[in-house]
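My entries follow the order in which I checked things.

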Amino acid sequence: MAKAAVVFWSATGNTEAMAAAVADGAKVDLLQTAAFSASDLAKYDAVAFGCPAMGAEELEEDEVEPLFAAMEGDLGGKKIALFGSYGWGDGEWMRTWEERVKNAGAVLTHDSVICCEAPDEDAVEACKALGASLNQ
């Protein structure tokens with residue numbers, strides 16, 4: 001089984017609820033972004049990153065964006081999955097994030113999971129499947 005992590009940031013708890021479902025599917029522990037550093041990436045075969053849409057559909061700028069930018073050059077060959085919630089827009093932040101992951105040479109293990117506001121039952125099940133994909 002691959003060593004995997006679920007790393008997330010959440011302001012309202014919606015993305016945290018999604019992260020819990022991803023971790024349940026992956027059978028791994030949850031790590032908030034403050035507890036994860038770019039150097040930690042080397043310890044894992046697979047990582048699911050979660051972040052809600054912020055501002056004009058962007059990654060959260062104080063923790064997530066700096067962390068992700070610091071790791072971007074080391075993502076080549078890593079198994080990555082993405083998830084997050086939003087309250088407006090159409091998911092542009094996730095499409096941009098997916099493109100960054102692909103351009104860095106990482107392998108997306110699952111279709112990204114996004115949901116409007118709190119995750120419903122379908123989103124929770126999709127998050128569990130995303131988590132399970134980390135171990136494949």
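**Salt bridges and fold**

Since E65 lies in helix 2 (residues 64-71) and R100 in helix 3 (residues 92-103), I note that the pair ties together parts that are 35 residues apart in sequence. The model is a predicted one, and I read these distances as computed from it.

I then checked how covered the two partners are: R100 has a relative accessibility of 18% and therefore counts as buried, whereas E65, at 27%, counts as partly exposed.

R100 also meets the side chain of E72 in a salt bridge, at 2.7 Å from N to O. Because E72 lies in the loop between helix 2 and strand 4 (79-86) and R100 in helix 3, this pair ties together parts that are 28 residues apart in sequence.

Elsewhere I found a salt bridge between K43 and D40, whose closest N and O atoms are 3.0 Å apart; D40 counts as buried, because its relative accessibility is 13%. I also traced a network of salt bridges that links D24, K27, E125 and K128, and the structure holds 7 salt bridges.

For the whole chain, I recorded 4 helices and 6 strands, which follow the pattern β-α-β-β-α-β-α-β-β-α along the sequence. Buried residues make up 48% of the chain.

Key. Residues are numbered from 1 along each chain as its sequence is written. This is a predicted model: local features need pLDDT of at least 70, side-chain atom pairs count only at pLDDT 80 or more; totals for chains, interfaces and linings use all residues. Side-chain values use heavy atoms; hydrogens and water are left out. Helices (H or I, at least four residues) and strands (E, at least two) are DSSP runs, numbered from the N terminus. Buried means under 20% relative accessible area, exposed over 50%, partly exposed in between (1.4 Å probe, protein chains only). A salt bridge is a side-chain nitrogen of Lys or Arg within 4 Å of a carboxyl oxygen of Asp or Glu.
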